Structure formats: C-alpha cells, structure tokens
Amino acid sequence: MARRLLLLPALLVAAALAGGAGAQLSAGFYSSTCPTVESVVRQAMSQAVTNNTRTGAAMLRLFFHDCFVNGCDASLLLDDTPTTPGEKGAGANAGASTSGFDLIDTIKTQVEAACPATVSCADILALAARDAVNLLGGPSWAVPLGRRDATFPNSTGAGTDLPGPDTDLDGLVAGFAAKGLTSRDLAALSGAHTVGMARCASFRTRVYCDDNVSPAFAAQQRGVCPVPAAGGDDALAPLDSLTPDEFDNGYYRSLMTGAGLLHSDQELFNNGALDSLVRLYGTNADAFSSDFAASMVRLGNIAPLTGAAGEIRLNCRTVNS
Ligand code: HEM
Ligand SMILES: *[C@@H]1O[C@H](CO)[C@@H](O)[C@H](O)[C@H]1NC(C)=O
Ligand SMILES: *[C@@H]1O[C@H](CO)[C@@H](O)[C@H](O)[C@H]1NC(C)=O
C-alpha cells in the first residue's frame with residue numbers, strides 16, 4: 001500500500017511528460033507582461049459573435065486546424081508567399097472552407113496596441129476559440145498560454161493530417177491518436193459541430209447515398225444540396241439542425257436520431273465503440289461540457305513552440321522579417 005502511494009507522484013510526472021511540451025504552458029503566462037490580453041480578446045470576440053454567430057464557429061475550427069498541423073503554432077494563419085504555399089489552400093482548409101482570418105487580424109491589432117510584440121498569434125487563437133464556445137452558450141476554462149508562432153507553414157501536413165467528412169470511425173480514431181488524443185477526446189471535440197455550417201460538397205454523398213441517415217432529415221438536406229450536375233456545392237446547412245447557433249449537446253441528440261450532417265459525424269453513433277459516449281453527452285449536458293473543456297486543453301497542448309523556439313509574430317499572416 002505504502003509503496004503504491006509513493007509511486008503515484010512518479011506516475012503523475014510521467015503522465016505530464018506524456019502530455020508533451022504542453023506541460024510548459026501556463027494559464028498565467030502573460031499575467032505580468034500583458035495582464036489585459038484576456039479581456040481584449042474577450043471583448044473583440046463578444047462584438048464579433050453578437051454581430052454574427054458564425055464567426056464563433058470559424059474561430060473554433062481554425063484552432064482545431066492549426067493544432068492538427070505541426071501543433072498549435074499559428075502556422076495556419078500564414079498567407080501564401082511567392083515561394084511557399086501556406087496551409088489555407090490545402091486539404092480540408094481549401095475552397096474557402098475556413099474563414100475568420102480577418103477577425104484574428106482585428107484582435108491581433110488590438111492586442112499589439114495593448115502589449116506590443118508580446119502575445120503570440122497561437123495564443124490569441126486559443127483564447128478566441130475558448131471565448132467563442134462560451135459566448136455561444138458553452139463552458140469556459142482556463143487556457144494554458146505561452147505558445148510561440150511558427151516561422152513556416154506546412155501545406156503538406158494540412159493535406160494529410162486534417163480529417164475529411166468521408167472518414168470512417170477507424171480513420172478518425174487513428175487521426176486523433178496520431179496527435180496524442182484518445183477516442184474520448186474525439187467524441188467530445190466532435191461536439192464542436194453543435195455550431196457552424198457545412199457546404200453541400202461536404203455532405204452530399206451522405207444525404208444521397210448513406211443508409212444510416214434519417215429519411216426525413218436526408219430529404220430535407222437534399223432540398224438544400226442538389227445533385228452535382230446542378231451545382232450548389234457551396235450551399236450551406238447547419239451541422240446541428242436542432243440548435244444551430246447554441247453551443248449545447250444538440251449535436252449528440254441529432255446523431256441519436258440519424259441526423260448527423262456529415263458521414264464522419266454519424267460514424268460516432270453507428271453501432272460502434274463510441275455509441276455509449278454519444279448517448280452520455282446527448283443526455284447529460286454537464287458531462288459533455290466538462291469533457292469538452294478538458295479535451296480542448298489537450299488539443300491546445302499539441303506540440304506548442306515554447307521558450308526560444310519560433311517567434312512572436314507581429315502580423316499573424318506573415319513571419320517577422
Ligand atoms: C472529427 C473529425 C472532424 C471532421 C471530419 C470535421 C469535418 C468538418 C467539415 C467537413 C466541416 C464543414 C466544412 C465545409 O463544408 O466548408 C466542418 C466544420 C466545422 N468544424 Fe469540423 N471536423 C472534425 C472535427 C472538428 C473539431 C475537433 C472541431 C473543433 C474542436 C471542429 C470544428 C468545426 C466547426 C466549428 C465547423 C463549422 C465552421 C463554420 O461554420 O465556419 N471540427 N468540420
Ligand atoms: C457583421 O456581420 C456581417 C455579416 O453578417 C459582416 O458583413 C460585417 O462586416 C460584420 N461587422 C462587423 C463590425 O464585424
Ligand atoms: C509537415 O507535416 C507532415 C505530416 O504531419 C510531417 O510529416 C512533416 O514532418 C511536416 N513538415 C515540417 C517541415 O514540419
């Protein structure tokens with residue numbers, strides 16, 4: 001018994017190390033160098049989300065797509081240069097599928113005015129994603145900070161490492177495992193699809209061809225999303241048609257009736273290993289909120305640049321010269 005208790009601290013240290021360099025981030029990182037950063041970001045996000053709720057969804061997706069490519073290092077925010085393609089046009093980011101870069105610019109300008117050359121674009125994105133969730137009615141959490149910004153993008157990684165809407169459950173689990181995230185993280189983080197929109201091109205095959213889709217839901221979505229010959233690739237539908245603008249557990253309740261919009265969404269509830277978690281989150285909003293917040297911290301801990309690595313970018317779209 002005594003020996004087991006003595007082992008516990010060693011195990012905790014091992015667990016922290018397994019969590020990667022994220023262990024170096026801390027919620028108080030800017031408490032003396034930029035004490036107002038959290039309120040500056042919150043205020044800007046509040047204005048943006050009040051004006052247009054979709055901007056909240058956009059920030060949440062940008063954070064995910066940044067963290068899955070070379071870690072949470074703002075590599076996604078870099079524009080193409082004549083010599084180096086950025087990540088914005090690659091893989092799941094392509095085709096104007098990601099948006100909100102102008103809102104990041106607005107926030108960055110305000111943060112630079114308050115605290116010049118101090119706060120990374122990667123940290124601004126982590127705070128903006130947290131505030132988006134909370135402003136749309138979801139939980140809040142302390143965001144570990146201290147990330148630095150990449151000095152190069154990885155368009156190849158954006159092509160290979162971001163999951164697409166036709167991915168099956170095994171592929172989703174493997175893609176998350178490759179980033180150190182569990183299938184429970186996958187189940188919880190997918191709840192981000194309780195807000196925001198998808199293009200017809202992302203859900204056409206599902207609503208015309210899948211056999212595990214609610215017939216009424218499929219018929220309704222086919223009305224939005226015509227067959228390919230008729231165009232309409234960019235027509236939009238809410239990812240959670242029950243409560244499209246609320247950060248709640250409506251996404252899981254939709255899955256439980258076969259009304260997942262993306263093939264990849266419905267894979268989480270298709271007589272597989274994650275069915276029980278979908279049922280838990282769909283029936284217990286508090287369980288979803290607390291697991292989502294914990295998984296967002298784990299997402300944000302993926303391979304950050306810290307210490308002297310990378311830089312504090314002055315403009316989120318370009319590396320410092
Ligand atoms: C599990 C694998 C995932 C897949 C396959 C996936 C795929 C997609 C697709 C295809 C879209 C629609 C894009 C379009 O049609 O333009 C989308 C939108 C979105 N995704 Fe995911 N996603 C996944 C996980 C996540 C995670 C982990 C988050 C955040 C934590 C997230 C946040 C969002 C948000 C908020 C939107 C809506 C964006 C908007 O309205 O502009 N997704 N996702
Ligand atoms: C408010 O939202 C609209 C789109 O809904 C956008 O065109 C406009 O630029 C936004 N205004 C501000 C101040 O963000
Ligand atoms: C880009 O991402 C791929 C896929 O994760 C990775 O194998 C590669 O090392 C990355 N390249 C750079 C330069 O970081």
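This is a predicted model: local features need pLDDT of at least 70, side-chain atom pairs count only at pLDDT 80 or more; totals for chains, interfaces and linings use all residues.

**Before you click**

Residues are numbered from 1 along each chain as its sequence is written, while chains are lettered from A and ligands numbered from 1 in the order in which they are written.

**Stop 1: the two domains**

Colour 36–159 and 169–299 separately: these are domain 1 and domain 2 of the protein chain. The bounds come from an automatic or database domain assignment. Taken over C-alpha atoms, the domain centres are 22 Å apart. Now select the contact between them, which takes 18 residues from domain 1 and 16 residues from domain 2. Here, two residues are in contact if their C-beta atoms, placed from the backbone, lie within 7 Å.

On the domain 1 side, the elements giving two or more residues are H3 and helix H5 (121–135). Helices (H or I, at least four residues) and strands (E, at least two) are DSSP runs, numbered from the N terminus. H3 gives the most to this side, with seven residues. Colour the domain 1 side by class and you get ten nonpolar, five polar and three charged residues. For that colouring, Ala, Val, Leu, Ile, Met, Phe, Trp, Tyr, Cys and Pro count as nonpolar, Asp, Glu, Lys and Arg as charged, and the others, Gly among them, as polar.

**Stop 2: ligand 1**

Which residues come nearest to ligand 1? Select Ala 192, Gly 196, Ala 198, Arg 199 and Ser 202, out of the 27 residues around ligand 1. A residue belongs here if its C-beta atom, placed from the backbone, lies within 6 Å of the molecule. Next, show helix H3 (54–67), helix H8 (183–189) and strand E1 (197–199), the elements that give two or more residues to this shell. H3 has the largest share, six residues. Both domains take part, with at least three residues drawn from each of domain 1 and domain 2. By class, the shell around ligand 1 has 15 nonpolar, nine polar and three charged residues.

**Stop 3: annotated positions**

Select Thr 194, Asp 240, Thr 243 and Asp 248, which an unreviewed UniProt entry lists under "binding site". These positions span 55 residues in sequence, yet no two of their C-alpha atoms are more than 9.8 Å apart, so they gather at one spot. UniProt positions are given in the numbering used here, feature names are shortened, and annotations may be inferred rather than shown by experiment.

Zoom in on Asp 240, in the loop between strand E2 (236–238) and helix H11 (250–256). Buried or exposed? Asp 240 counts as buried, with 28 C-beta neighbours inside 10 Å. The cut-offs, with C-beta atoms placed from the backbone: buried means 20 or more other C-beta atoms within 10 Å of a residue's own, exposed means 12 or fewer, and partly exposed is in between. Beyond its neighbours within four places in sequence, Asp 240 is in contact with residues including His 193, Thr 194 and Tyr 251.

Thr 243 lies in the loop between E2 and H11 too. Thr 243 is partly exposed, with 17 other C-beta atoms within 10 Å. Leaving aside neighbours within four places in sequence, Thr 243 is in contact with Asp 248 and Gly 250.

**Stop 4**

Move to ligand 3, surrounded by Asn 70, Asn 154, Thr 156, Gly 157, Thr 160 and Asp 161. This shell has no nonpolar residues, five polar and one charged.

Stay on Asn 70, in the loop between H3 and helix H4 (101–114). Asn 70 is not a glycine, but has a positive phi of about 60°. With 21 C-beta neighbours inside 10 Å, Asn 70 counts as buried. Ala 74, found in the loop between H3 and H4, also has a positive phi of about 60° without being a glycine. Ala 74 counts as buried, with 29 C-beta neighbours inside 10 Å.

**Stop 5: helix H13**

Finish with residues 275–283, helix H13, where the buried residues are Leu 277, Val 278, Tyr 281 and Gly 282. They cover an arc of only 130° around the axis, which puts them on the same side of H13. That arc is taken over the directions from the helix axis to the C-beta atoms. To see what covers them, show elements including H8, H11 and helix H14 (285–300).
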